[in-house]
Amino acid sequence: MIRIDCPFCGLRDHSEFTYEGDATVQYPALDAPMEDWYEAVFLRENPRGPHREFWRHVGGCGSFLEVVRDTVTHEITEVKLAHPGMAAATGKAAAKTTEKATGGSE
Amino acid sequence: MSSTMRRYNALNVFWNGLTGNKNWDRAWRDPEPKPKYEVIIVGAGGHGLATAYYLAKNHGITRVAVLEKGWLGGGNSGRNTTIVRSNYMMPGNCAFYEHSLKLWENLSHELNYNVMFSQRAHVSLCFSPGQRDAMARRYNTMRLSGIDGEWWALDKLRKNIPYLNYGEDARYPIIGAFVQPRAGTARHDAVNWGYARTADALGVDIIQQCEVTDFIHENGRVVGVNTNRGEIRAEKVGLAVAGSTSTLAPKAGLGRLPIETHKLQAFVSEPLKPLVDHVIVYGVGHGHFYISQSDKGGLVFGGDLDFYNSYAQKGNLPIYSDVAGCAMNIMPMVGRVKILRQWAGIMDMSMDGSPFICKTDVPGLYLNAGWCYGGFKAIPGSGWCFAHTIAHDDPHDINAPLSLDRYRKGRHIDEGGGGPVPKHH
Amino acid sequence: MSGFRLSRGGRIDRAKRLAFEWDGSQHYGYQGDTLASALLANGERILGRSFKYHRPRGVMSAGVEESGALVHLWRGARRIPNAKATQVELIQGLEAFGQNAWPNVRIDVGAVNSLMGRFFGAGFYYKTFMGVLGRQTWEWMFFEKIIRRAAGMGSASKEPDPDHYEIVNDHCDVAVIGSGPAGLAAAETAAQAGLDVVLIEQDFALGGSLLSNVADTVEGDTVEDWQAGRLAGLSSKGGRVWNRTTAFGLYDHGVVGCLERVTDHMVDPHHAIPRERMRILRARRVIMATGALERPIAFGDNDRPGVMLGHAVRTYAERFGVAAGRRIVYAACNDEAYDDAASVAEKGLEVTLLDPREVVPDHLAAMADEAGVRLLKGYVPVEAHGRRGVTGLMIGRHLGGGKARSEREIGCDTIAVSGGWNPAVHLLSHRGVRPVWSDRHLAFLPGDAGREPIHVAGSAAGVPDTEGAALSGRAVAEAALRALGKGGAKSRKAPAACPAGETQPIYEVRVKAPKLKSFVDPQNDVTADDVRLAEREGYVSVEHLKRYTTLGMSTDQGKIGNVIGMALMAEATGKTIPETGTTTFRPPYTPISMGAVAGTERGTHWRPTRRTPMHAAHEKLGGKFVDAGAWKRSWYYPKTGENLTTASMREARIVRDTVGMVDVSTLGKIQVQGPDAAEFLNRVYSNAFAKLPVGKARYGLMLRVDGVVFDDGTTWRLSETEFFMTTTTANAGPVMLHLANLLQTWWPDLRVHISSVSDHWGGVAVAGPKARDVLMDAFEGIDFADQAFPFMGVREGMLKVAGGGTVPARVARLSFSGERAWEVFCPADYCPAMWETLLRKVQAAGGVPYGLEALDILRVEKGHVTARELDGRTTATDCALGGMESKKKSYIGSVLKEREHLTRRDRPTLVGLRPVTEGEQMKAGSILCAQGEVVGDGLGWVSSIADSPVMGERIGLGFVRGGLTQWDGKTILAESPVDGKSVEVKVVSPHFFDPDGGRMHG
């Protein structure tokens, strides 16, 4: 079980979340050239190692979280709210490193 | 077939039995890499080995090296649930998988290695009229393409497979099943070993413990690879590395690909006397499940991806539990059967659920990837087509649709209609 | 000769005698016995048969590594195959049977296989049966049937498992796995420091190795007192003890998968108690005090009943008061076996000990002498004698490295073998941590756990002596404390891994002649020769070896044979063991039942069931339901003698004639609020939304980012800043996710808030020529006159419910059926009242409720699309909705929908289909083909069908390459070979009924 420290809800099982893919993808403007859209929609870095990605806490607060997780060890080194305004409002905008997901507060 | 390979047959087994099994040859050599080959295939999984075999056999190209960072057949082709079928309907898939199935039907004989292809029928359960109709379109397309497929109404299904949960307490009652009788299972290791042995006999160098660290480019062409065992040159290089494609692609000059690596778990039970005689598959209520019984007696089964990018060959409990639940849902008699092993493979999930067997924009570089979790059944067809593509520097008609640029053109081969999200396939 | 019960001793309750059945005959044992100990005590030797050769197998171990005594328990639906007798707790009335044999395990006809053994070497099946004539699989499939029947071990019941299971989610600070000296010390230490501790033990009895070391002392106390003290120290601080619980796997982030056996040891458990329970334990730190497993030595016929692990023989004597035999030979290559041999000899049994060394350390020789053990120095076991059980042992002079010269037979009935000890590193291996070979231990020790929150203590860490293990447990617990920020001032240093004595590197004993059949994996009949054959054939990597020979694939999961197999491969290839590889253990640690892993999710509880707020009303009307995702949707309301077709056709006809009402509560409903809501919807939908007036609804079409149709529905503008969006039933969740993603990650600047209100509102559509009459007086504050409430109008008001009072309602004039129609939504709790109120009015007007099937007929007659058409591959233009898409704005999907292949003119597009011959019924899923070109995917396919009352025939919607432009009025074929149907159909407009929409606007 991957354990994700949701800034709103605390440390929770990944089964409460849905995985929403690569968070480094920058979607272009709605009228951007087709090539930009093609790249954003179809091409992926797919790294073996740390991966910045979205998880949605669908079984909790509903927030999209931006998580840095190692795709080999599954260790999580950063969790923050994806929405910059919400991140700022909760004071958890800054990159946050947990001791290790399992060692965080419960 | 080369005369250097001593053929296997019943007489041989008998004679060697009498003489203490002392006289069996090595199944394949353990060669040192040569400085230069005509073709290098990266990855000695089923796809890579089959490609090497067909390069030698169909195209007479024997100066071939298959480079493997671990041991041959150690990736997904040695850790899957061994289902072989061709029940596809989309242009591009339909002809390709049927071509592969036809190769399977003669494979043991062709390779002189028993790959144990058992055409025990693939049974896809149906639960609602809507699902029936969508699957009817698929099976009708198959039938009109010369592929076998039939509908088993409830009475026939009950007669053939009496132990499924047809009861009132089923959350989703079964209404029937679509069946492909020629489909079935094969012994995964035997497929890898059979191709390895025969390719080796035809002169292919299978070089294990040889990890490709980089690619050598000259004048915009790929002309070889660097490995932990030194530089190896070749006129053409083919990639067949499944879940590791994205880590090698940038080095080869391919950049980002329409692939995400996900992990898929698989399970086997303790050995049991014959219990499940078919391949049984279903998807309903966000559940996905497939099961068959190995010749050793273990129930081999699996379900969904773990649904997040991962290169870890180990699974987590939520899917473990979900898959066991899917089993109990359809076969409530397996509650007391014990799971013996759980493992995971890393899947090269493409954006439409279908693979790539193609040339690339980099001259001299060829790609075989995007197998999602259906690569095993494709091994013969994939090797056959990839070999053709490499030998002719042009795809065969059968694999022409399986190109890397199809998304740019909007020609998705999306069997399930899941859209450009790998975890939906 | 065989085993018997000693007159005293053992941790069994001799006052509690238990009767049980073995293969049809009654036996007795005691409380505290396992099935294996009780069978041994009763003199039973042959308990099973091996996988391939059907050789007799007896008890080999006293624990989870058992590879011989596999039995099946119980009869009928409760039958449990492949139970390890060494793990089965004896209870009154237990029924146990031999398996994989006919007629029984003692006289098994299958044993003829062993005569053919020489032909059945490793991998023989890869070399034959491949078909002599080519392009065929029948030959293999013929032999496969025979092989399958011979293979397998136990047989499973084909009846549903009558028991139930559950999953419990749990948390703790420290999970300690194993209750031996290391585990007990660790658990107490952590608990005393104030941490929440769970101590997990797979056995029913706590104590681990202490159970068979009763004479030892620990930290100055007797074993029993020490154990009681630690448990008291643990429980006084609230520590939990889970016995009969196997920690079967370690998963990401400190999660321990545990399986608790709850009722198997109860004689008549209450039906409400689950048989087993999977506990998902989230631990902040994990301490593995999992002990070590003894390994045997391969020698001739070392699989005979009576050949056992050395420590197991002691365990039976000390823990169960059972002598495995009267004349016991210890064949060992390590110092620890002296203690075991002495302990067994002290029970009054005749014990001989073979030590391969010519010179034995004095203290060991003295120990043997003192206990009355006859010590034979410089000897190794060569071949066990006795086909159905050990009657003697050929011993040989050890020439070094396992090579020997046969010398003489010594009489014995039990051979206790010890080839060394393998730390149980399995759980760490689950985390991808590779074990490391230790030349001192001649075993794999746990590797560095790295950043995993895992510690290893006791013999699992290579600290096998009891005193050291206890100290190791305490030290490791303190390390866990420090990791949790509770570092104590004083903390002990864990003792370094150090073997208890010397072990000789002997894995297999070989003599020049005769040729020995020496088993490495006895359950799967993998012999030392098989390993060498694999090497000769090039299957040299550990994984190839395993797969080619099946070594380690048996139900003991390689616990018995893996290390020996690797050692033999290393020898054959001239490499060291660590050069040969390591073993990767996969979960589960021991096999666990499928039922427990599934938990409560089976039968009707496999998936949740969603019912609309009006579900009970449909039931009252005798309505039938159909599954639509998680929903139960009302399907049709049959009158006596009606079926799906006749009932739905009647309902559809009445809607067209008078009026009908249908429950549409399953539609997804999303509240979209905020100053930028209109702008947001304008970007999300492919048609214009920015200028939708308040009080109006609009049909909206949503595309995926790749330009393919995603979903459709209506969105109602309630105010300048508030919209009420409906989605299709299937896409309620995906659309909500899509919108949330856009707002939180794409356009965080948009001031829009969305909430799913699918469960908050229920709805009914009232449709038909008399719909206005039905609704006219039903509401306060809503005027249903045509001008006052035009098509696509939205109104809010109060529904006057039957029996008095009003409920708030939202009403829009929308039509899916093509009739004059309104959708009425009200808060879910009021829905039954709404249904009741409107039903009375509908019935009074001569109307009926209608279900999903009639709804489908009505929409097909109008050419409206559903998920059958919007299948994730079709574009708006394919579905004849292209005209709706805005050309003036950009929206999600607008760029990629223009890709080359998606705009081709020869794409299959939506058409209507009618039979050419009256009464012919096309099937949905048929392939549409031009006459004479019935091949492949043809021109397209039939997506929907309907038995249409107004058309008087079965009509269909489908997709045809070239669409109406090319095929209007032409005859093509609807081919459904799977149904044996071929129907001539005419291509027509998909708008079968009232194409100009006069009825819904009227």
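A crossing of two helices is called left-handed if the near helix is turned anticlockwise from the far one by less than a right angle, and right-handed if the turn is clockwise. In the predicted model described here, helix 7 of chain B passes helix 12 of chain C in a crossing of the left-handed kind.

A crossing of the right-handed kind is found within chain C, between helix 4 and helix 10. The axes of helix 4 (residues 181–192) and helix 10 (residues 466–483) of chain C come within 7 Å, and the angle at which they cross is roughly 35°. Helix 4 of chain C contributes C:P181, C:A182, C:A185, C:A186, C:E188, C:T189 and C:A190 to the contact, while helix 10 of chain C contributes C:T466, C:A469, C:A470, C:G473, C:R474, C:A477 and C:E478. The residues of this contact comprise eight nonpolar, three polar and three charged.

Attention now turns to the fold of chain B. Its secondary structure comprises eleven helices and 18 strands, and of its 425 residues 73% count as buried. The C-alpha atoms of chain B fill a box of roughly 65 × 60 × 40 Å along the principal axes. Because a compact globule of 425 residues would have a radius of gyration near 22 Å, the value of 22 Å for chain B agrees with that expectation. Among contacts in chain B between residues at least 6 apart in sequence, 75% join residues that are at least 24 apart.

In soluble globular proteins, nonpolar side chains tend to be buried together. The largest nonpolar core of the model has 95 residues, of which B:Y54, B:F96, B:W104, B:Y113, B:Y195 and C:Y507 touch the most other members. Helix 10 of chain B, residues 375–392, gives the most to this core, with eight residues. When neighbours within four places in sequence are left aside, the contacts of C:Y507 include C:R295, C:W437, C:L442, C:V563 and C:I577. A second, separate core of 71 residues has B:L367, C:M702, C:I754 and C:I892 among its members.

Notes: Residues are numbered from 1 along each chain as its sequence is written. Chains are lettered from A and ligands numbered from 1 in the order in which they are written. This is a predicted model: local features need pLDDT of at least 70, side-chain atom pairs count only at pLDDT 80 or more; totals for chains, interfaces and linings use all residues. Side-chain values use heavy atoms; hydrogens and water are left out. Helices (H or I, at least four residues) and strands (E, at least two) are DSSP runs, numbered from the N terminus. A nonpolar core is a set of buried Ala, Val, Leu, Ile, Met, Phe, Trp, Tyr and Cys residues joined through side-chain atoms within 4.5 Å. Buried means under 20% relative accessible area, exposed over 50%, partly exposed in between (1.4 Å probe, protein chains only). Contact means heavy atoms within 4.5 Å. The radius of gyration is taken over C-alpha atoms; the globule rule is 2.2 Å times the number of residues to the power 0.38. Axes are lines fitted to C-alpha atoms, for helices over the stretch in contact, and angles run from 0 to 180 degrees between N-to-C directions. Ala, Val, Leu, Ile, Met, Phe, Trp, Tyr, Cys and Pro count as nonpolar, Asp, Glu, Lys and Arg as charged, and the others, Gly among them, as polar.
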